[in-house]
Amino acid sequence: MEIPFLEAWRRRHGERVAPGGPPDPAALASMLAECELLRARVQGYGVELDDTPDSLAAIDQLPPRWREDPEELPWFGNDAGLYLGTVVVRTVPGASWRLTAGGRPVVRLDSGRELDVVAAGLEWAAGGSPELSQVYAEAAEA
């Protein structure tokens, strides 16, 4: 499976993987955890993204200034979803990243349920609901 953003990331980080080969799980997790736009924006508010559920709650409390820029909103929401997924994968036992056939990253929970974290991040960025911490709590209970 060739996924353009994954191939570009691999080249940028010097990874060599056979074209069409499955992504290395650690490399995939590292790439999805970057969330550069989100990290840059929340840093200005003094929020530390330390991959914990508390950091999700802190993000939920930020004033939604990203909604003022319709071009930035989807990118911010995408990063928020990827960060949500990163926290779930790093703190919920049995959770892992999986790429769908179309290359969309989802989090697979130990129960077998798949969580579309990007969609959750976009919903949150656009409307504030459901809160990222709420989505996390539901994933942790599953």
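# Notebook: what packs against helix α5

**Entry 1. α3 and α5.** I began with helix α3 (residues 36-43), whose axis comes within 7 Å of the axis of α5, the two crossing at roughly 95°. An angle from 65 to 115 degrees counts as roughly perpendicular, so I noted α3 as roughly perpendicular to α5. Next I looked up who touches whom. From α3 I listed Glu 36, Leu 37, Leu 38, Arg 39 and Arg 41, and from α5 I listed Trp 75, Phe 76, Asp 79, Ala 80 and Tyr 83. Sorting the residues of this contact by class gave me six nonpolar, no polar and four charged.

A reminder to myself: this is a predicted model.

**Entry 2. The whole chain.** I stepped back to see the layout. How many helices and strands does the protein chain have? I found seven helices and three strands. Following the sequence, I wrote down the pattern α-α-α-α-α-β-β-β-α-α. I also looked up burial, and 42% of the 142 residues in the chain are buried. Then I checked the contacts between residues at least 6 apart in sequence: 55% of them join residues at least 24 apart.

**Entry 3. α4 and α5.** Back to α5, which covers residues 73-91, and this time its partner is α4, residues 53-60. I read an angle of about 160° between them, and their axes are 9 Å apart. Over 145 degrees counts as roughly antiparallel, so that is how α4 runs relative to α5. Their crossing is left-handed. On the α4 side of the contact I noted Pro 53, Ser 55, Leu 56 and Ile 59, and on the α5 side Tyr 83, Leu 84, Val 87 and Thr 91. By class I have six nonpolar, two polar and no charged residues here.

**Entry 4. A closer look at Ser 55.** I picked Ser 55, which sits in helix α4. Is Ser 55 buried or exposed? Its relative accessible area is 2%, so I put Ser 55 down as buried. Setting aside neighbours within four places in sequence, I found Ser 55 in contact with Glu 48, Leu 49, Asp 50, Tyr 83 and Val 87. I then took one of these, Val 87, and looked up the spacing: Ser 55 and Val 87 are 32 residues apart in sequence, and their C-alpha atoms are 8.9 Å apart in space.

**Entry 5. Asp 51 in its loop.** Where is Asp 51? I found Asp 51 in the loop between α3 and α4. Its relative accessibility is 15%, and the cut-off for buried is under 20%, so Asp 51 counts as buried. Not counting residues up to four places away in sequence, Asp 51 touches Arg 39, Tyr 83, Thr 86, Val 87, Arg 90 and Thr 91.

**Entry 6. α5 and α7.** My next partner for α5 was helix α7 (residues 132-141), packed at an angle of about 35° with the axes 10 Å apart. The crossing here is right-handed. From α5, I listed Ala 80, Leu 84, Val 87, Val 88 and Thr 91 in the contact, and from α7, Leu 132, Val 135, Tyr 136 and Ala 139. The classes came out as eight nonpolar, one polar and no charged.

**Entry 7. Rings.** I looked up aromatic pairs and found three in the structure. I followed up Phe 76 with Trp 124, which form a stacked pair, 6.1 Å from centre to centre with 25° between the planes. Together with Trp 66, they form one aromatic cluster.

**Entry 8. Trp 66.** Trp 66 lies in the loop between α4 and α5. With a relative accessible area of 6%, Trp 66 is buried. Leaving out neighbours within four places in sequence, I noted its contacts as Glu 72, Leu 73, Phe 76, Trp 124 and Ala 125. I also checked the spacing to Gly 77, 11 residues away along the chain: the C-alpha atoms of Trp 66 and Gly 77 are 8.9 Å apart.

Conventions:
Residues are numbered from 1 along each chain as its sequence is written. This is a predicted model: local features need pLDDT of at least 70, side-chain atom pairs count only at pLDDT 80 or more; totals for chains, interfaces and linings use all residues. Side-chain values use heavy atoms; hydrogens and water are left out. Axes are lines fitted to C-alpha atoms, for helices over the stretch in contact, and angles run from 0 to 180 degrees between N-to-C directions. Helices (H or I, at least four residues) and strands (E, at least two) are DSSP runs, numbered from the N terminus. Angles under 35 degrees count as roughly parallel, over 145 as roughly antiparallel, 65 to 115 as roughly perpendicular and the rest as oblique. A crossing is left-handed if the near helix is turned anticlockwise from the far one by less than a right angle, and right-handed if clockwise. Contact means heavy atoms within 4.5 Å. Ala, Val, Leu, Ile, Met, Phe, Trp, Tyr, Cys and Pro count as nonpolar, Asp, Glu, Lys and Arg as charged, and the others, Gly among them, as polar. Rings of Phe, Tyr and Trp (its six-membered ring) pair if their centres lie within 6.5 Å; planes under 30 degrees apart count as stacked, over 60 as edge-to-face and the rest as tilted. Buried means under 20% relative accessible area, exposed over 50%, partly exposed in between (1.4 Å probe, protein chains only).
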